Amino acid sequence: MNHIRYVEYNARHDGSFVFDVPDGHDCWLLLITHTPAFFRVDGSLREYPAKSAVLFTPRSPIYYCASGSRYENDWMRFDSDEDFVSSLPVQGVPFPLPDAEYCHNLIQLLTWKNSFPGRNNERVVEQLLQLLFSELQEASQSSADSFSQSPHYHDLMNLRKAVYNSPQLPWNVSGMAQQLYLSEGYLQVIYKNTFGISCMEDCIKARIRLAEDQLQYTTKTIASISEFCGYHNVEHFCRQFKRSTGKSPRAFREKGKSRPS
């Protein structure tokens with residue numbers, strides 16, 4: 001059973017903000033920070049970066065405060081007896097979120113669904129909480145040294161999302177580097193180190209993924225699909241598609257037609 005007492009996103013405070021509850025709440029408290037902040041952990045104050053999450057258990061001491069001119073976060077007070085909450089490996093200590101934007105979006109949805117009545121609200125809130133804690137579980141189980149990850153990690157993640165959302169755009173290393181205010185060489189190094197694939201290979205992967213969908217679920221010509229996926233030369237598209245999938249676009253489409261519906 002889960003019950004949200006209150007949830008808010010983009011809460012803003014000035015640099016004098018301090019939250020100090022020595023005896024804790026009688027419920028769970030989840031925070032997702034948008035700015036750096038100090039947290040008291042094991043009796044001492046430590047600064048943690050933005051895009052961190054922390055889950056406080058009921059009746060545990062809570063102390064955090066701004067570390068700059070402002071403090072911003074998403075937060076939620078809630079009751080729960082679910083294993084997916086109590087089994088979170090890291091509790092009372094902030095940990096970094098590889099995809100903080102995704103968690104922020106889920107908090108926004110939880111805020112809206114919890115604020116406005118609806119016939120299916122209880123079921124939807126339950127599903128959103130499970131999605132949120134699935135992401136938190138994965139993030140909290142990552143390397144203990146993950147706070148030392150590239151300072152550009154979140155910018156790289158947003159860039160990669162943009163590529164996969166619109167692979168047909170004329171992506172190139174120069175434009176990507178300018179977007180992140182990095183040199184081309186440095187971008188290529190940290191992108192490969194972060195995702196295990198070069199930025200342009202990732203663009204190709206995203207385009208081929210889009211092409212597979214178009215071949216399977218539309219009746220467009222191969223030339224039209226080539227252009228739709230950002231290729232200006234259909235022969236180049238066909239070569240790249242076969243190198244990536246092992247089949248020509250035509251053979252891929254034919255195989256798709258032969259699958260049982």
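Just after helix α5, Y181 takes a positive phi of about 55°. Helices here are DSSP runs of H or I with at least four residues, strands are DSSP runs of E with at least two, and both are numbered from the N terminus. Y181 sits in the loop between α5 and α6. Most residues other than glycine have a negative phi. Y181 has a positive one and is not a glycine. At 77% relative accessibility, Y181 counts as exposed. The scale is this: buried means under 20% relative accessible area, exposed means over 50%, and partly exposed lies in between, with a 1.4 Å probe and protein chains only.

A word on the model. It is predicted, so local features need pLDDT of at least 70 and side-chain atom pairs count only at pLDDT 80 or more, while totals for chains, interfaces and linings use all residues. Residues are numbered from 1 along each chain as its sequence is written, and side-chain values use heavy atoms, with hydrogens and water left out.

Now step back into α5 itself. This helix covers residues 173–180, and its buried residues are V173, M176, A177 and L180. Seen down the axis of α5, these buried residues fall within an arc of 100°, so they line one face of the helix. The arc is taken from the directions that run from the helix axis to the C-beta atoms. An α-helix has 3.6 residues a turn, so residues three or four places apart point the same way.

What do the buried residues of α5 pack against? Their partners are α4 (153–165), α6 (184–195) and α7 (199–217). Contact means heavy atoms within 4.5 Å.

Move to α4, where V163 lies. V163 is buried, at 1% relative accessibility. Leaving aside neighbours within four places in sequence, V163 is in contact with W171, M176, D202, C203 and A206. M176 is also one of the buried residues of α5.

Helix α3 (residues 121–140) holds S140. Is S140 buried or exposed? S140 is buried, with a relative accessible area of 9%. The side chain of S140 reaches the backbone oxygen of Q137 at 3.0 Å. Beyond neighbours within four places in sequence, S140 is in contact with L88, P89, V90 and F95.

Next comes the surface. L109, W112 and F116 form a nonpolar patch there, with about 310 Å² of accessible area together. Patches take residues with over 30% relative accessible area and no salt bridge; like charges are joined within 9 Å, and nonpolar side chains (Val, Leu, Ile, Met, Phe, Trp, Tyr) within 5 Å. The areas come from the Shrake-Rupley method with a 1.4 Å probe, and for residues only the protein chains shown count as cover. W112 belongs to helix α2 (residues 100–115). At 39% relative accessibility, W112 is partly exposed.

Charged pairs come next. How many salt bridges does the structure hold? There are seven. A salt bridge is a side-chain nitrogen of Lys or Arg within 4 Å of a carboxyl oxygen of Asp or Glu. One of them joins R5 and D26, with the closest N and O atoms 2.7 Å apart. R5 lies in strand β1 (residues 2–14) and D26 in the loop between β2 (18–21) and β3 (28–33), so the pair ties together parts that are 21 residues apart in sequence. R5 is partly exposed at 37%, and D26 is partly exposed at 41%.

R5 also forms a salt bridge with D79, at 2.9 Å between the closest N and O atoms. D79 lies in strand β8 (residues 70–80) and R5 in strand β1, so this pair ties together parts that are 74 residues apart in sequence. R70 and E72 meet in a salt bridge too, at 2.7 Å from N to O. R70 is partly exposed, with a relative accessible area of 43%. E72 is buried at 15%. Salt bridges that share partners join R5, D26 and D79 into one network.

Methods: A polar contact is a pair of N or O atoms within 3.5 Å; within protein, one must be able to donate a hydrogen and the other to accept it, and residues adjacent in sequence count only if both atoms are side-chain atoms.
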